[in-house]
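Let's walk through this structure together, starting with its charged pairs and ending with a pair of packed helices.

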Amino acid sequence: MAGKELNATAAALLGLLHDGSMTGGQLMSEATRRLGPFWTMTRSQVYRELPALAEVGYVRVGKPGPRASVPYTISASGKRAFAKWINGESGIGQLRDPVALRTAFAGHMTPSALSEMYKSAMEYHTEALADVRARAKELASDDAGAATAMDFAIGYHKAALSWLRARQK
C-alpha cells in the first residue's frame with residue numbers, strides 16, 4: 001500500500017478510525033450503520049485490510065482485549081493518506097443490480113418468475129427505503145455527512161421502486 005493509492009475499503013476504514021480506536025468487529029458495525037445502505041464491506045475485507053494498513057504504518061495496533069479483539073488507531077501518516085484519498089478524484093461508481101440484469105434477459109423467463117422477481121424486489125426496496133430513512137434521521141444529529149450520504153441510498157431505492165412500478169403495469 002505504501003506508494004500506492006488507498007483502495008476504497010482501506011480508505012473507509014481510515015475514515016471510520018478518525019472517530020477513535022476500534023476493533024475489527026466495531027469497525028464492521030460502524031461501517032454497516034454509517035455506510036451500509038450505499039457501500040458494502042465484508043468482514044473478510046476488513047480483516048484483510050487492517051494488517052495491511054498496520055504494515056505501512058497507517059494504523060497502530062493495540063493490545064488484544066477480550067476474545068483476542070485488537071483495537072486499531074489511525075496514525076498521523078494514516079490521516080495524511082486518508083486526506084489525500086478523500087480530497088482526490090472520486091472515480092465513477094458502477095451499478096450492479098441483479099434485477100436489472102435479469103430484466104435484460106426477461107424474454108427467457110417465465111411470466112410467473114418475472115412477476116415474482118419484481119414483487120420480491122418491490123418488497124426489498126420498500127423495506128430498505130424505510131430503513132435508510134430511519135438511519136438518516138438517526139445520523140442527522142451526530143453525523144451530518146453520513147446522513148447526507150444516506151440521501152443517495154434514499155434516491156436509489158425510490159428510483160428502483162419507480163422503475164419496478166412501471167414494470168408491473
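The structure holds seven salt bridges, each a side-chain nitrogen of Lys or Arg within 4 Å of a carboxyl oxygen of Asp or Glu. Keep in mind that this is a predicted model, where local features need pLDDT of at least 70, side-chain atom pairs count only at pLDDT 80 or more, and totals for chains, interfaces and linings use all residues. Residues are numbered from 1 along each chain as its sequence is written, and side-chain values use heavy atoms, leaving out hydrogens and water.

Which residues form a network of salt bridges? Asp19, Glu30, Arg33, Arg34, Glu138, Asp142 and Asp143 are linked in this way. Arg33 pairs with Glu138 at 3.1 Å, N to O; Arg33 sits in helix H2 and Glu138 in helix H6, 105 residues apart. (Helices are DSSP runs of H or I, at least four residues, and strands are runs of E, at least two, numbered from the N terminus.) Arg33 also meets Asp142 in a salt bridge (3.9 Å, N to O). Asp142 lies in the loop between H6 and H7, so this pair ties together parts 109 residues apart in sequence.

Next comes Arg34, whose side chain meets that of Asp143 at 2.8 Å, N to O. Are these two residues buried or exposed? Arg34 is buried, at 13% relative accessible area, and Asp143 is buried too, at 16%; buried means under 20%, exposed over 50%, and partly exposed in between, with a 1.4 Å probe and protein chains only. Arg33, at 24%, is partly exposed, whereas Asp142, at 53%, is exposed.

Finally, Ala8, Ala11, Leu14 and Gly15 in H1 meet Gly78, Phe82 and Trp85 in H4, with contact meaning heavy atoms within 4.5 Å.
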